[in-house]
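Here are some notes on the side-chain packing, written as numbered points. Please keep the viewer open while you read.

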Amino acid sequence: MTDAQPGTPETPVIRAKKSAKVQFTSTILLLEAFVVVFATFVLYGLRNVPAGLPDSVPNLEPAVIWTVGATMFVVLVVLSRACGRPGGYVAGSVAQVLVAAWTLVIPLMGIVAIVFIGLWVASLRLGGRIDRERAEYDAAHPDEAPNV
């Protein structure tokens, strides 16, 4: 339902788009949160497999595995909502280091960490570039509707 009078055209509500940088970085952190869940399952499954974990890793108790995995999941989800706020990108970059630290326990997580660090850097750079180009376009075309 609308409040418009019969026979009068409706004016569309124009909402500004969310920042591309915020969208990209929050998506990367959410995807990483689910990767951490799957890594937790892997770590839980490998704890009883002979030669499943590196010799440098002590035999981890299930409670420790699930606590660390759940904590990392929650941290990454919360940080995904903090992107765009002061310190949000710095905290997200620190989270990349924490996810890369899983390589010490699950060596193949190094590949995943490298991929996600690359995606994080790309989302910061490309998202910022898209936002700058949108702002330049809006400044050059002030008579048109904002970039919606």
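1. Over the ring of which residue does the charged end of Lys21 sit? The ring is that of Tyr89, with the charged end 4.6 Å from its centre. A charge sits over a ring here if NZ of Lys or CZ of Arg is within 6 Å of the ring centre and within 35 degrees of the ring normal.

2. A word on the basis: this is a predicted model, in which local features need pLDDT of at least 70 and side-chain atom pairs count only at pLDDT 80 or more, while totals for chains, interfaces and linings use all residues. Residues are numbered from 1 along each chain as its sequence is written, and side-chain values use heavy atoms, with hydrogens and water left out.

3. Now the aromatic rings. Rings of Phe, Tyr and Trp (its six-membered ring) pair if their centres lie within 6.5 Å; planes under 30 degrees apart are stacked, over 60 edge-to-face and the rest tilted. By this rule there are three aromatic pairs. Phe34 and Phe73 are edge-to-face, because their ring centres are 5.7 Å apart and their planes at 70°. This pair links distant parts of the chain, 39 residues apart: Phe34 belongs to helix α1 (residues 20–46) and Phe73 to helix α2 (residues 62–82). Helices are DSSP runs (H or I, at least four residues), numbered from the N terminus.

4. Phe41 and Trp66 are also edge-to-face, since their centres lie 5.4 Å apart and their planes are at 75°. Here too helix α1 is linked to helix α2, through residues 25 apart. Phe41 is partly exposed at 46% relative accessible area, and so is Trp66 at 33% (buried is under 20%, exposed over 50%, partly exposed in between; 1.4 Å probe, protein chains only). Together with Tyr44, Phe41 and Trp66 form one aromatic cluster.

5. Beyond four places in sequence, the contacts of Trp102 (heavy atoms within 4.5 Å) include Val36, Leu43, Met72 and Met109.

6. Finally, the whole structure has one salt bridge, defined as a side-chain nitrogen of Lys or Arg within 4 Å of a carboxyl oxygen of Asp or Glu. Glu133 and Arg129 form this bridge, with their closest N and O atoms 3.4 Å apart. Both lie in helix α4, four residues apart, about one turn of the helix.

Methods:
Helix = DSSP H or I, 4+ residues; strand = E, 2+ residues; numbered from the N terminus.
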